[in-house]
Amino acid sequence: MMRTRPLKVALLGCGVVGSEVARIMTTHAEDLTARIGAPVELAGVAVRRPSKVREGIDPSLITTDATALVKRGDIDVIVEVIGGIEPARTLITTAFEHGASVVSANKALIAQDGEALHAAAVEHGRDLYYEAAVAGAIPLIRPLRESLAGDKVNRVLGIVNGTTNFILDAMDTTGAGYQEALDEATALGYAEADPTADVEGFDAAAKAAILAGIAFHTRVRLDDVYREGMTEVTAADFASAKRMGCTIKLLAICERAADGESVTARVHPAMIPLSHPLASVRGAYNAVFVEAEAAGQLMFYGPGAGGSPTASAVLGDLVAVCRNKLAESTGPGDSAYTQLPVSSMGEVVTRYHISLDVADKPGVLAQVATVFAEHGVSIDTVRQTGKDGEASLVVVTHRAPDAALTGTVDALRKLDTVRGVASIMRVEGE
C-alpha cells in the first residue's frame with residue numbers, strides 16, 4: 001500500500017549538484033513516489049547566500065541556519081552536498097542524533113572520518129550512503145559493497161578524476177604540454193581556478209581510501225594512501241610511452257598483497273599498455289577496473305563529475321534510504337572485519353620507466369646496470385640515444401619492491417656519468 005504522508009528531505013548546499021538534486025526531485029516526483037512507495041518532499045535548503053535566485057525552489061525553503069534545519073526532528077533524510085570537513089561533519093552527526101539518515105557526496109569527509117560517521121549512524125539506527133562521493137554517476141560503491149559481497153576483490157584500478165584524465169588525454173592526443181592542456185581544461189570548465197586538489201592527486205586519494213576500505217573490508221584512511229601528482233608529466237614522457245605501446249593515466253590503485261595479509265592504496269601517474277581497457281578512457285570520463293576471484297575482471301565506466309551525473313548518484317542513494325525508512329530498517333553499513341594492515345608504498349611491487357641524461361661514452365651502460373643489480377632490480381629493456389657527448393638512457397625494469405627501485409634511483413643520481421634523472425614513472429596494467 002502506498003503511503004500518503006511524504007518523507008521529508010533537506011538539502012545542505014544548493015550549488016551545481018544540490019540544485020540539480022532539487023530539480024530532479026521536482027520534475028520526477030511521480031516516478032520517485034512510485035519507486036519509493038511514498039512521496040518525497042523537499043522540506044528545507046541550507047545555503048550560504050540566500051539572496052541568490054534558485055529557479056524552481058520555493059524561496060520559503062531557503063535558510064542560512066543549517067544547524068537548525070538538521071535539528072528540526074521531522075526531517076527523514078539529509079542530503080549533504082556542501083563538501084569539506086566542517087561544518088559538514090558536525091551537521092551529519094547532528095542529523096543522526098535528531099532522527100535523519102544521510103546521503104552525502106563528500107569524499108574528503110568520508111575518507112578522513114568514515115569510521116566515526118558510520119559508528120554514529122549505527123548508534124542512532126540511521127543510514128549513511130555516499131555513492132556520489134566516488135566516480136559521479138558510475139554505480140561503484142553499491143556493486144562493491146553488495147553485488148560483490150560474496151566474492152573476494154583483489155584489486156581496484158581506476159581513473160577517478162575527470163579533470164586529470166582530460167588533461168592527460170589532451171597531452172596524449174594533441175602533443176600539448178601540461179600547462180597548455182590545463183589551460184584548455186580550465187577554459188572548458190573541467191578544471192577549477194585552483195586545480196591543486198585534482199592535479200596533485202588529493203581528490204583521487206580520497207576516493208582510493210574509500211574504495212580500498214569497501215573492497216577489502218578493512219580500515220583505510222586518507223593518510224594511508226600514497227599520493228603523487230601529475231604536474232611533472234611531460235610531452236617527452238608521452239613520447240616514451242608511445243614507443244612502449246603505452247599511454248599515461250593518473251591512476252588510483254588499491255591492491256591486496258599476494259599473501260592476502262595486507263593491502264595498499266596509492267595514486268600516481270603511470271604508463272599503461274594501449275591494450276588495457278583504461279587506456280581508451282578519453283576526456284573527462286572516469287573508469288574503474290575491478291579484479292575479483294570469482295567474478296573475474298569488471299569495468300565500470302561513465303561521467304565522473306558534473307551536476308547531473310553526481311545528482312543521479314545522490315538520487316539513487318536517496319531512493320534506497322527512503323525505502324529503508326519505510327521498511328524501518330537500515331542498509332549495509334561499514335565493513336572492516338578483516339582489519340588488514342595497510343602497507344607502505346615501499347613494499348609495493350611495481351615496474352619503473354626511468355629516463356636518464358648520461359655522458360655519451362663507453363662504460364656508462366655497464367655502470368648503470370651494476371647499480372640496478374646491486375639493488376636487486378632486474379632490467380627488462382634499455383634504449384640509449386645520443387650525440388656530441390651527451391645521451392639519453394631509458395630503462396624499463398621488471399617488477400620489484402618500490403623501496404628497491406627508489407634506492408636504485410638515489411644511487412644512480414650519485415654516478416659521475418649520470419647528468420640527471422629526466423623522469424621516473426611506474427608501469428601498470430600488465
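**Aromatic rings and a strand pair**

Me: Which residue in β12 is the bridge partner of tyrosine 285?

Reply: The bridge partner of tyrosine 285 in β12 is proline 303. This is a predicted model, in which local features need pLDDT of at least 70, side-chain atom pairs count only at pLDDT 80 or more, and totals for chains, interfaces and linings use all residues. Residues are numbered from 1 along each chain as its sequence is written, and side-chain values use heavy atoms, leaving out hydrogens and water.

Me: What makes β11 and β12 a pair of strands?

Reply: Strands are DSSP runs (E, at least two residues), numbered from the N terminus, and two of them pair if DSSP finds at least two bridges between them. Eight bridges join β11 to β12 (residues 296–303), so the two count as paired, and they run antiparallel. They form a hairpin with three residues between them.

Me: How do you know that tyrosine 285 and tyrosine 301 are stacked?

Reply: Rings of Phe, Tyr and Trp (its six-membered ring) pair if their centres lie within 6.5 Å, and planes under 30 degrees apart count as stacked, over 60 as edge-to-face and the rest as tilted. The structure holds two aromatic pairs. Since the rings of tyrosine 285 and tyrosine 301 lie 5.2 Å apart centre to centre, with 15° between the planes, they form a stacked pair.

Me: Why is tyrosine 301 called partly exposed?

Reply: Buried means under 20% relative accessible area, exposed over 50%, and partly exposed in between (1.4 Å probe, protein chains only). Tyrosine 301 has 47%, so the residue is partly exposed, as is tyrosine 285 with 36%.

Terms used: Helix = DSSP H or I, 4+ residues; strand = E, 2+ residues; numbered from the N terminus.
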